[in-house]
Amino acid sequence: MKFGVVRFPGSCDEVDAVLACERVPGGSAQILWHGDPDLHGIEAVVVPGGFSYGDYLRVGAIARFSPVMESVIRFAREGGLVLGICNGFQVLCEAGLLPGALLPNIERRFVCRQVNVEVVRAGKPFTGDCADGEVLSIPVKHTTGRYYAPPDVLGSLEARGQILLRYAQDGNPNGSSNDIAGVSNADGNVFGLMPHPEHAVDPLTGSVDGLKIFTSMVHAHG
Amino acid sequence: MPTVEQAVALGLTAAEYALIVEKIGREPNEVELAVFSLMWSEHCAYKHSKKLLRGLPTEGPRLALGPGENAGAVDVGDGWVIAFKVESHNHPSAVEPFQGAATGVGGILRDIFAIGARPIAVLDSLRFGEPSSPRSRYLLEHAVGGIGHYGNSIGVPTIGGEVYFEGPYEQNCLVNAMALGLARGDALIRSAAAGVGNVLVLFGASTGRDGIGGASVLASAELGEADADKRPSVQVGDPFAEKKVMECSLELLERELLVALQDLGAAGLSSSSAEMASKGEVGLDIDVARVPLREAGMEPWEIMVSESQERMLCVVEPSKLDEVLAICEKWEVNGDAIGSVTDTRALRVFAGDELVGDMPVPALVDDCPLYDLTVQAPAAGLYPAPPPVLLADAPPRDVLLALLAAPNIASRRPLFEQYDWIVQSRTVRRPEQADAAVLALPQSPRGIAVSIDGSGRRVACDPYTGAIEAVLECTANLACAGAAPLGLTNCLNFGNPEKPHIAWQLTEAIRGLGDACRVFDVPVVGGNVSLYNESGDGPIYPTPVVGMVGELPDVARAGRSGFARAGDAVALAGPFRPSLPGSELAKLRGDELPEGLAQIDVAAVRAAQEAIRDAVSSGALASAHDVAEGGLLVAVAESCLGGGIGATLDLGVVEDGADLERILFGESPGAGFVVSGPQDALRRLGERIDLDIFGTVGGNALDVTSGAVRIEATLGELRTAHDALAPLFP
């Protein structure tokens, strides 16, 4: 599977995401420049972490209008796999590809912490290599990671199985509603999460649990 | 025309002003005086420290780039070098802690990519007054916030650091930031301007009135009552702008488009251009009318001295100018040709067609007078005894818990959780996993370890020995990670050197640093001096901060500080000679600072550290942790907490209660190690160095016996004590 990893001015984790994609057997990755609307034939998109355009105005609000995102939005609407990590999650929410929004952490500070997240729903295309209820050790690092959606939307997300990851017991680092760590769209082809699976792909630097998100994507692709 | 009074107001002495008149053969105009006042400030000219710094060793087999460039560098093999440097941003942080600390990080990162290295890590060294003071809590919260804001936003991990809380830093906090960069050794670029007719290009942020006079007004004078008025002298940072400037700089270098590169730091365009011209032995013409401004109506002198952040200056061959400007445009940064290289050996400033300043470069850079210090050891102690917070007859268990909760020892988790320590995917040992941070090197099993250390209170007790201890503490941390030291950077934070007792502290501390470096065969690759750290309350503790980079042959075997396995043996290793005067316990009891510390056999400490390092890097040990503040029992407790497992120790019979206290809580910086692992492995280590197996890992409590004395605390009790800083960040 050919991954495309978006690079905005201010992206920080795009190289880490490329490395993670390339760790998967059968995975390769290339950078997609924000000013270039051509997706260069990639088969899945990763919108990485960082502070796109400085996150001035509102997190993800400016990035959503970049030329590459117009193409990513079209790609997603056509059923292409799109993974948004941290700032990428924020951008996908701003772009209307995912429900809800990310608000400042309840403690109003940046938090960097290895957390446990529970796989709420295992299945293609993003969590196919996990088991229901499996706990993954993955780091979070963000200032604006408190997932919010109105109560009726939350109810519908729960009912439709769109909540894929939840912070495990007592481990919610930011005050997210319903301990939500990651959600998908209704069609299941767009997934955003605040934890950084690309920073949990090597035993040398932490855990390898995050790799399952990337292998799931490759395996779902067939 | 300016007057001598104006020169004095800008921080020059009357004699220095007279010398400037002599050097340029006339009275300086407004532009020239502004430039000279900064170039001849302590911050830029090191006029009170340069002679002393010549006593530091700067040669070593692994040195890749020594002092004099924006940062130094050491060779780490396979063609890679690690660039590193530590720098202070003390007075700006005391006046405006968030922006002061943020721009401190921004400034040191620019120093790293200015020599062509990609920044891969930041560490910070902080000093505040006691956290019981509202001012200290304010400075702490905002300085930590500022460091995180800048480092996190730019995508460079903050992998380590240290913080001490002591009364003498109450008004004058210290914020030192260290950065590391990775580069191919053959791709490092110098800052010497060259090639008459080449173009001078300024790129990055636009220039405003922020930070005008920062180097002279803030950095080279004592703090005083009216410092709130100096807030306009503090620069404002924009990490997003710096991120773009960094990527732009690295792309320009990768495409080999630059002759020379220099960042704009203290004294802005003045010092960057003068330094580039001086190193290249050329002249530069600058047209300030071509500098993009963020405010209308700026005077030429303001443009020359503005300390607006996130700007770089480079020299480009005319044929490559278009390509350089196109890359600036790609990264959405300003790029403007503002001048050219000349053979005049003068820095000439134009405002359009009008010549508004003409200064010989050697006069700006080399002719500032260097002063010999008047050195006099103080007749009596300079610092009041710290306020007592622990009763003299507290039992050992209470002492242990009080030490673990002491601000200088308690867990730094509430601070480092505000920093991204994982971006760039190199971080093999995170904060609190090992005594030093460990990073993997690209396409190699090898890695580097890095640590930053320096206890000002110990240096206040004995500047010579205290400075040696700062080096030993740093090398000990590297040894526990399994790393051999390659190079050292330092930031010398002291009071007013024109006062003889401060000059004595400075002189003795530099002598100690130099002697320790020579014993370890470690060169000083660069550093920074921050003087005049005084307020109405007096001087800060003399605080030489030492940052070191070491190498590991196999990063997968990087050491850990926490106990790992039940059943492992626990030993105390090394030439540990604990004493209580000057210790953390003495501080808690409110003891006067001693006048002098116990002498150290540095060579013996080096040998012990090498044995520890070899044992760690061979994979023989399960854990290694140096005995630092708080002494032996605190070190064991930290290893318990690090591994989430208890230990049982038997110290044997100690007849004298006072002696037991010295053994449990006395300090011997860099010389003692708590190690754990299989009995056999510890015995083999014991064939090389002093080693006493005195316990076993296991259980969920720390259980210590010495004759009839028993000290027992559960992991939960230890952790509760150690988490004492958490309430500072509710």
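Helices (H or I, at least four residues) and strands (E, at least two) are taken here as DSSP runs, numbered from the N terminus. The model is predicted, with local features needing pLDDT of at least 70 and side-chain atom pairs counting only at pLDDT 80 or more, while totals for chains, interfaces and linings use all residues. Residues are numbered from 1 along each chain as its sequence is written, and chains are lettered from A and ligands numbered from 1 in the order in which they are written.

In chain B, helix H8 (residues 134–154) has 21 residues and spans 30 Å from its first C-alpha to its last, close to the 30 Å expected, that expectation being 1.5 Å times one less than the number of residues. After H8(B) comes Gly155(B), with a positive phi near 80°.

The contact between the chains draws 19 residues from chain A and 23 residues from chain B, two residues being in contact if their C-beta atoms, placed from the backbone, lie within 7 Å. On the side of chain A that touches chain B, helix H1 (14–23), strand E6 (111–119) and strand E7 (135–142) of chain A each supply at least two residues, and E6(A) gives the most, with three residues.

E6(A) and E7(A) also pair with each other, in the antiparallel sense over eight bridges, where pairing requires that DSSP finds at least two bridges between two strands; in this pairing Val111(A) stands opposite His142(A) in E7(A). Because six of its eight residues are buried, E7(A) is largely enclosed by the rest of the structure (buried: 20 or more other C-beta atoms within 10 Å of the residue's own, with C-beta atoms placed from the backbone).

Notes
Buried ≥ 20, exposed ≤ 12 C-beta atoms within 10 Å, placed from the backbone.
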